Amino acid sequence: RDYGISFGVRLSDVATLGAYSDRVMGDEEDEKVCRYCFDGEDDGPLISPCKCSGGQKYVHLKCLRQWQRMCLVGQPTHPDFYDRDPRHHLCNVCKAEFTCPPPTRHELMAALTGPEIAALIDERCIIAATGAFSVELERQLVQMAAMPGFERRTGYRHWIRGVFLITNVKQDDGQQVLPLDSDHDLQRVRLLLGPSLEFRTQEKCYRLAASHALAGVPPEGLAEALAQLRAPCTICLVHAEAQSCGNDSVAAVNLTRPLERAPDPGLVVAAVARVCAKSGFGGARHVQLQHFIGGPCDEDELVTCIVLGGGGCGWTVLPDLERAIELAHTRATRRGEAQGALGGGQIVRLVGLQAAPELNGEVGVALRFEPSNGRWLVRLRSGDGKKLKPANLEGLEGGTGRVLCFWGDARWTRTQLLGEIAKRDWGLCHANVSDLTCSHADRWGNLNGRLAVAPEGEMTESYAREMEVARTTIQMHSAEVEEDDEVDI
């Protein structure tokens, strides 16, 4: 994949190279050359994107884009920690704004991963840690063994050979609703917004909206209305600039970390009791509940439930345990002898097929029984749906209904996740029923040969340097702990 030219210099060298360029070409101002690569128009059209003159005046657009990427790749991927680097949109020599607007962070990250991989950030897709990333984290955990509590703070256990099913992708609505309980908080917001009624954080610019407590106020009256406002009140900020999908919220749950018991048993018991108290749901107490650590966000809260069966992909995602138990029980309930000893949502093995013997032994999910033809619709790992007689299906797990319960989840913005993928830490693929029917211990191995991983690029090189710094830091801390232990002895 072509990412433009490859600079053989560090970012800190560019100003020095620019000064050198001015000296060398001071007498040749008529000759147009790119100030980054020193090649002329034979290597592509030259533009003048700022107020620089002389040897600094011209650049190839692809070289400027390469420079802007280099400014971004050294920053953290988490949106709370990266800054709006001025080098991305201002010339570092004349300090003028570039005349050609730079690509957004999301556009640059998507360019590093490629459109095919970016398109896999969607519901019913899998995000999984690569083997190299997992090995690196395990090596760091070994080095952390001498540092009590440090391992838990890193959260590495969530990521090592993690297999995350994307359960929700929520479009960013461009709004931030702020409940303000005190006049002190209200005054802080006034100072933050200033006379322009706008403020910028990282790559986002927000402005005050005529909404909530300020609903109906004309634009010219917003400043005065804000000054007269008193707490408690609620105001709304909206994006002042056109937004891309880069701010979309992506949520996923880890399929590989089972729990022996629910973190909040009382919540589970109460949910089961409420379902069983409903008419026709007495058998819901037999629904199997399997609990997982879903991710580092809200680990003590039940955030997502998955019920096998139904139509479509072969599973349903629900946020509420009570609804999930009801659905699992409803699907598993037998409604006649014709469907055999099987229930909807049950894992089944194909047996005794004469016309398609190559499918014998395949494992899938019984989606629903069709009384009109006396066959079960079964979803296979290939994604194909097959209509099969009950005699050709051997029932396995989940005959009385089954709910996968996830405590906590992992969350990213779309741009943040693209940055992680660009480092080649994670791969993506479409999910299929085998990701839910195989055992938790086999789910990472089940992805062998399926994951799409980003190509080598600037983020890979930057991350290699970042990981080397992290290893050095951990080794230094470990040495300090060992020295302290020796002193104590």
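Reader: Which residues in H10 meet which residues in H11?
Author: From H10 come Leu-267, Val-268, Ala-271, Val-272, Arg-274 and Val-275. Their partners in H11 are Leu-321, Glu-322, Ile-325 and Glu-326. Contact here means heavy atoms within 4.5 Å. Keep in mind that this is a predicted model.

Reader: What makes residues of that contact nonpolar, polar or charged?
Author: The residue type decides. Ala, Val, Leu and Ile count as nonpolar, while Glu and Arg count as charged. The contact of H10 with H11 therefore divides into 7 nonpolar, no polar and 3 charged residues.

Reader: Which hand does the crossing of H10 and H11 have?
Author: H10 passes H11 in a right-handed crossing.

Reader: What hand does the crossing of H3 and H12 have?
Author: That crossing is left-handed. H3 (residues 105-113) and H12 (residues 414-422) pack at about 35°, with axes 9 Å apart.

Reader: Which residues meet there, in H3 and in H12?
Author: H3 brings Arg-105, His-106, Met-109, Ala-110, Leu-112 and Thr-113. H12 brings Arg-414, Thr-415, Leu-418, Gly-419, Ile-421 and Ala-422. By class, the contact of H3 with H12 has 6 nonpolar, 4 polar and 2 charged residues.

Reader: What lines the second largest cavity?
Author: Its lining is Val-307, Leu-308, Ala-328, Arg-331, Gly-344, Gly-345, Gly-398, Gly-401 and Arg-402. Strand S11 (297-308) and H11 are the elements that give two or more residues to this lining. By class, the lining has 3 nonpolar, 4 polar and 2 charged residues.

Reader: What is omega at the bond that joins Ala-231 and Pro-232?
Author: Omega is about 0°, and the peptide bond is cis. Pro-232 sits in the loop between helix H9 (222-228) and strand S8 (233-239).

Reader: What is phi at His-212?
Author: Phi is positive there, about 55°, although His-212 is not a glycine. The loop between strand S7 (204-208) and H9 holds His-212.

How values were computed
Residues numbered from 1 in each chain as written. Predicted model: local features only at pLDDT ≥ 70, side-chain atom pairs only at ≥ 80, totals over all residues. Heavy atoms only, no water. Left-handed = near helix turned anticlockwise from the far one by under 90°. Helix = DSSP H or I, 4+ residues; strand = E, 2+ residues; numbered from the N terminus. 1 Å grid on protein atoms, 1.4 Å probe; cavity = no way out; pocket = protein on both sides within 12 Å on 5 of 7 lines; lining within 4 Å. Axes fitted to C-alpha atoms, helices over the stretch in contact; angles between N-to-C directions.
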